[in-house]
Each structure stands twice: as structure tokens, then as C-alpha cells.
Amino acid sequence: MSNNSSLTQIAAVTTTRTLANHRVVALWHTMVGKKVVMAVTGVVLILFVIAHMLGNLKIFSGPDEINAYSRFLREVGMPELAYGQLLWVVRIILLACVGLHVTAAVQLSRMSWAARPLAYSVKRNVETTFAARLMRWGGALLVAFIAFHLLHLTAGAVGFRLRQFKDLAVYQNVVAAFSVWPIALFYVVAMGALSLHLYHGIWSMLQTLGWNTARNEATLQTISRVIAIVVFLGFTSVPVAVMTGWLR
């Protein structure tokens, strides 16, 4: 009797998990599900962007401050975790969020195109805001930028002369990197794309999560703009400071 009861419980748990998995998969295949995925991953990525910007601004406090901050990021969690282990966990989570965000965006666009008649599509192109029209190409630029950024200032594999890149010497690496004006300009352009993406993305996320109302719509749009502008100024201040000789 006891064995039958245990088997029944196991079967019930298995059935519940299977149904839950099916519901998740079913939700993913809907427009609403993809919008939710974009909103949730968007929140994670926005928080990272803001934290990353604040960390970058430590460079204005001098080499010791920013280099110590770089060491701190790799030593967090020690001795329970190995050196740099938590940082890699965070990187993997962020890359997974980027992958899900991009995949949902591409599939959502295809579903939208398939569901709309041609006349509506033409009307939409006229009425959509400048930031919304650039979301697709801006997103593609950001994917390319992320790949370059990881190879550039994270790995030191591109953009540096032989043995110029020094591990944990963030200040020296940044100054050397942005002393090459085409690279500095590329970063500024990419941050412009990021800011437009943030403005439109934050506003879309708030709509998806149902946080916007007739009363707070103007306020939320202003908040979206302010965040986008602050992020642009924060990130671009570093390459601009190097190019103008403020950081050397």
C-alpha cells in the first residue's frame, strides 16, 4: 500500500512538472511570452548596464581605484569560490540573457510581420518614432559591439599592439585602447545605439509589464529618456576623456 502511494506521488509530481514545462514552452511560442522574455531579460541587462557604467566611472579616480575595483570583481566569493569564478557565472548569465533577448526580438519581429497586412506596415513606418525604427539595426550593432568589446577590453585579443594589453591594468588598457581614435569613435557610436535602444526598450518593457497608465505615461517616458541620456554620457565620457587628453 505504501509503495503504491509513493508511486502515485512520484507520478503526480512528474505529471505536474511535465505540464509546467509544456506551459513554459507554449508561452514561449506566443507573442506575449516573447514580450515577457524580452522584458525580464531587459531588466537584467539594464541593471547590468547601469552597474557597469558606474564601475567604469571609477577610472576618473585614478589608476589605483579602477585597478583595485577590477581585482575586487575577480575576488568576490573567495575563498568559497575560486578566483574569478563568480565573475564568470555572472558573465554566463548575462550572455544567456542577451541570447534570449535577441532570439525573442527576432522571432517577435517575424511574427509581427506575418500578422500585419502591407498597408498597415507602411503606415507603421511613417508613424513609428525615430528610436523605434532604429531598434532593429541598433540591436544588430550592439551585438557586434558586445563581441568586439569582449575581445577588446576583456580579453585584449584585438585593438592592442603585441603585449600592450596587461591583465588587471584596467586604467592603462583603457587609455591605450581609446588613444586609437577609430576605436574610440566606434565606442561612442555604439553607446548612441545603446541609449536609443534603452529609451525605446525601457518604455516597451514598462508597457509589457503593465506599469504604464494614462496618468504616469509622460513621467515614465521622461524616466526612460533620462536613463538613456545618463548612460550615454556616462559611457562616452571615458573615450572622450582619453581623446581630449584628460585621461592619459
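The model is predicted, so local features are reported only at pLDDT of at least 70 and side-chain atom pairs only at pLDDT 80 or more, while totals for chains, interfaces and linings use all residues. Residues are numbered from 1 along each chain as its sequence is written, and side-chain values use heavy atoms, with hydrogens and water left out.

**Overall picture**

The chain has 10 helices and zero strands, where helices (H or I, at least four residues) and strands (E, at least two) are DSSP runs numbered from the N terminus. Of its 248 residues, 29% are buried; buried means under 20% relative accessible area, exposed means over 50%, and partly exposed is in between, all with a 1.4 Å probe and protein chains only. The accessible surface is about 15700 Å², and 68% of that belongs to carbon and sulfur atoms (Shrake-Rupley method, 1.4 Å probe). Among contacts with a separation of 6 or more, 72% are between residues 24 or more positions apart, a contact being heavy atoms within 4.5 Å.

Which residues touch the most other members of the largest nonpolar core? They are Phe178, Leu194 and Leu198, in a core of 38 residues. A nonpolar core here is a set of buried Ala, Val, Leu, Ile, Met, Phe, Trp, Tyr and Cys residues joined through side-chain atoms within 4.5 Å. Two or more residues each come from α2 (31–56), α7, α8 (170–178), α9 and α10 (217–243), and α9 gives the most, with 13 residues. Leaving out residues up to four places away in sequence, Leu194 touches Val49, Leu142, Val231 and Phe235.

Helix α9 covers residues 181–208, and its 28 residues should span 40 Å at 1.5 Å a residue, which agrees with end C-alpha atoms 40 Å apart; the expected span is 1.5 Å times one less than the number of residues. After α9 comes Gly210, with a positive phi near 75°.

**Helix α7 and its kink**

Helix α7 (residues 135–154) has a kink of about 25° centred on Phe148. The bend at a residue is the angle between axes fitted to the seven residues ending there and the seven starting there. The buried residues of α7 include Leu142, Phe145 and His149. Just after α7, Gly156 has a positive phi of about 70°.

**Aromatic pairs**

The whole structure holds eight aromatic pairs. Rings of Phe, Tyr and Trp (its six-membered ring) pair if their centres lie within 6.5 Å; planes under 30 degrees apart are stacked, over 60 edge-to-face, and the rest tilted. Two of the pairs involve Phe148:

| Pair | Centre to centre | Angle between planes | Type |
|---|---|---|---|
| Phe148 and Phe186 | 5.6 Å | 80° | edge-to-face |
| Phe148 and Tyr187 | 6.3 Å | 65° | edge-to-face |

Phe148 is partly exposed at 24% relative accessibility, Phe186 is partly exposed at 27%, and Tyr187 is buried at 6%. Phe145, Phe148, Phe178, Phe186 and Tyr187 form one aromatic cluster.

**A buried asparagine**

Asn67 sits in helix α3 (residues 63–75). Is it buried or exposed? Asn67 counts as buried because its relative accessibility is 11%. Beyond its neighbours within four places in sequence, Asn67 contacts Leu168, Ala169, Val170, Tyr171 and Gln172.
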